[in-house]
Amino acid sequence: MRLIKNYGLWLLCSFVLLSSHPLKAAGIPADTTQAEKKPNILFILTDDQRWDALGYAGNPLMHTPEMDQLAREGTYFKNALVTTPICAASRASILSGLYERTHRYNFQTGPIQEEYMQYAYPRLMKEAGYYTGFFGKFGVHYEHKEALFDVYEDYDRNNDYDDRRGYFYKTLDGDTVHLTRYTGQRALDFIDGADPEKPFCLSLSFSAPHAHDPAEAQYFWQEETDQLYARQKMPGPELAEDRFFNQLPEPVKKGFNRTRWHWRYDTPEKYQHSVKGYYRMIAGIDLEIAKIRQRLKDKGLDKNTVIVLMGDNGYFMGERQLAGKWLLYDNSIRVPLIIFDPRLKKHREVEQMALNIDVPATLLDMAGVDMPESYQGKSLRPLVSGAVPRDTVLIEHLWEFEHIPPSEGVRTKDWKYFRYVNDQSVEELYNLKNDPKEIRNLAKEPAYQATLAGLSAACDRLIQQYKDSLAAPPYGLKVDFVRKPGSSNINDSLPNYRWTVPQEAVSQQAYQVLVASSRELLAKNIGDVWNSGQVKSSQSANIQQEKPLDPQSDYFWKVRIWDEDNRVTDYSVAQPVKVF
């Protein structure tokens with residue numbers, strides 16, 4: 001069941017106030033043939049390109065003339081965000097139009113659920129008569145890509161190699177080329193082979209500028225960009241002083257963000273090599289975009305091809321002595337986003353927040369295809385010509401991985417709030433208007449407790465709104481076979497816990513039990529008495545308390561499980577337990 005959202009009608013009604021000919025006012029050719037012709041769609045996704053890794057964004061070091069030209073001629077979104085700052089979940093959101101909270105796809109889970117791919121934007125484009133193609137890093141485990149695309153090739157860095165061959169293993173005409181060049185050529189071939197009687201939707205997903213993690217050198221680029229920055233010393237990162245690192249939560253300081261900082265930035269030599277490599281790889285993508293735009297022009301397709309450019313997540317480049325993404329600071333969640341529609345012949349800069357989950361709705365809207373009811377994003381097409389208000393958005397990183405603490409929060413135009421899922425007593429609150437670099441955490445300051453409470457409640461509300469129904473928690477909790485141990489005698493200081501696995505989970509792959517000394521601590525996911533951690537087991541009965549409980553004391557416990565596809569459920573309702 002789809003909800004039809006006729007944004008085309010909305011646009012026409014808006015422009016009628018400006019001109020007797022709405023299409024002319026919009027800048028779209030007024031002749032019937034051009035106006036009714038569906039546009040081609042080119043969606044370009046880069047990997048780890050942060051919002052300011054773009055000349056147009058004000059970075060004088062960037063060599064991105066083609067991306068900058070798209071921004072100057074099209075619509076540039078100054079506050080574009082990803083709802084989850086990691087490639088797997090972000091790409092799943094871009095395909096499905098859903099928050100991670102809903103699709104629950106990430107590394108270490110099974111394939112993305114089929115029901116969420118039924119309305120993937122390329123499938124709907126294909127069903128609507130578009131010739132669909134994909135080349136590059138798909139990044140989501142889905143076994144039916146042939147249902148989405150007429151032609152596709154899914155490839156990424158080759159992790160079998162711990163050197164430059166991670167990026168140099170594809171060949172063109174017998175020559176081994178960089179993946180960026182390979183993807184660019186596949187795009188040219190697609191354009192050459194497209195049916196001139198059908199519109200096309202081509203999705204390009206560059207692996208660059210992602211570091212090649214297994215390699216000591218980390219970054220590898222094309223020969224064409226090798227001389228960029230050769231005699232230049234790159235300026236050091238902001239917030240690089242020890243005090244900014246020391247303010248971070250302990251799990252962050254000990255996690256992968258710090259580990260990869262050691263890989264890339266912990267010496268001046270590594271820093272210079274990595275930053276130059278990152279920028280050179282983006283410059284390489286820019287070269288391919290230039291070739292693609294020229295081919296569109298040569299084929300007479302440039303005036304009817306909408307180009308959307310976005311990064312899949314942001315990136316730390318040594319700020320706070322960190323690398324990678326994953327955290328909910330703006331370094332990690334802000335990305336470039338440009339929509340170039342040659343039919344409009346106008347430039348706009350948009351202040352309102354735009355999200356990765358808005359992209360599929362926007363692509364469909366540009367093509368005149370109805371947006372599914374399931375989509376949680378909005379079409380950005382009205383923003384290209386006007387404004388669509390957006391107040392508070394959910395941001396999250398839910399992958400349960402010991403080296404990256406999961407987090408959840410909200411962002412507004414002026415405020416950012418987030419907390420760490422496994423210890424919700426650790427909260428961060430920033431006034432983005434006065435503190436855009438997120439230096440001063442206001443979470444514990446008395447003057448901002450009302451703001452903190454309001455944003456925390458908004459986070460809770462959005463979590464409830466978007467959580468997946470299949471994340472149903474365990475139920476029927478018992479302690480030593482007693483269903484209501486708070487009102488019954490438990491004589492064992494090492495009681496056994498048990499629960500019922502929800503039907504939605506099908507089966508249990510692992511569990512985590514938390515036991516706390518107060519209901520308040522348990523509500524913040526703090527098991528100060530016992531935290532079992534993730535235990536890989538299908539056992540849901542006779543789980544024995546690890547440390548003896550004190551007699552005549554009140555305790556509270558809850559449990560969550562990992563389902564058949566290794567997706568974590570919600571926690572159960574907390575249950576009291578008292579040892580007599």
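Guide: A word on terms before the strands: two strands pair if DSSP finds at least two bridges between them, and strands (E, at least two residues) and helices (H or I, at least four) are DSSP runs numbered from the N terminus. This is a predicted model, in which local features need pLDDT of at least 70 and side-chain atom pairs count only at pLDDT 80 or more, while totals for chains, interfaces and linings use all residues. Residues are numbered from 1 along each chain as its sequence is written, and side-chain values use heavy atoms, with hydrogens and water left out.

Visitor: OK, which residue in E14 does Ile395 stand opposite?
Guide: Ile395 stands opposite Gly409, and the strands concerned, E13 and E14 (residues 407-411), pair in the antiparallel sense over 5 bridges.

Visitor: And how many residues of E13 are buried?
Guide: In strand E13 (residues 393-397), 5 of the 5 residues are buried, where buried means under 20% relative accessible area, exposed over 50% and partly exposed in between, with a 1.4 Å probe and protein chains only. In a regular strand the side chains alternate between the two faces of the sheet. Both faces of E13 are covered, with Val393, Ile395 and His397 on one side and Leu394 and Glu396 on the other.

Visitor: Switching to rings, how many aromatic pairs are there?
Guide: The whole structure has 29 aromatic pairs, counted when the ring centres of Phe, Tyr or Trp (its six-membered ring) lie within 6.5 Å, with planes under 30 degrees apart called stacked, over 60 edge-to-face and the rest tilted. One of them is the tilted pair of Tyr497 and Trp557, at 4.6 Å centre to centre and with 45 degrees between the planes.

Visitor: Where in the chain do those two sit?
Guide: Tyr497 is in strand E18 (residues 496-500) and Trp557 in strand E22 (residues 553-562), so the pair links distant parts of the chain, 60 residues apart. Tyr497 is buried at a relative accessible area of 0%, and Trp557 is likewise buried at 0%.

Visitor: Which rings make a cluster?
Guide: Phe107, Phe256, Trp326, Trp399 and Phe401 are linked into a cluster by ring pairs.

Visitor: What lies over the face of Phe245?
Guide: That is Arg258, at 4.0 Å from the ring centre, by a rule that asks for NZ of Lys or CZ of Arg within 6 Å of the ring centre and within 35 degrees of the ring normal. Lys558 lies over the face of Tyr571, at 4.5 Å from the ring centre.

Visitor: What about the largest cavity?
Guide: The largest cavity holds about 120 Å³ of space, and of its 13 lining residues the closest to the centre are Phe43, Leu45, Leu95, Tyr121 and Phe134.

Visitor: And the second largest pocket?
Guide: About 910 Å³ of space lies there, lined by 35 residues, of which Trp51, Asp52, Glu238, Arg334 and Lys437 are the closest to the centre.

Note on methods:
1 Å grid on protein atoms, 1.4 Å probe; cavity = no way out; pocket = protein on both sides within 12 Å on 5 of 7 lines; lining within 4 Å. Points joined across faces, edges and corners; volume = space filled by probe spheres on them.
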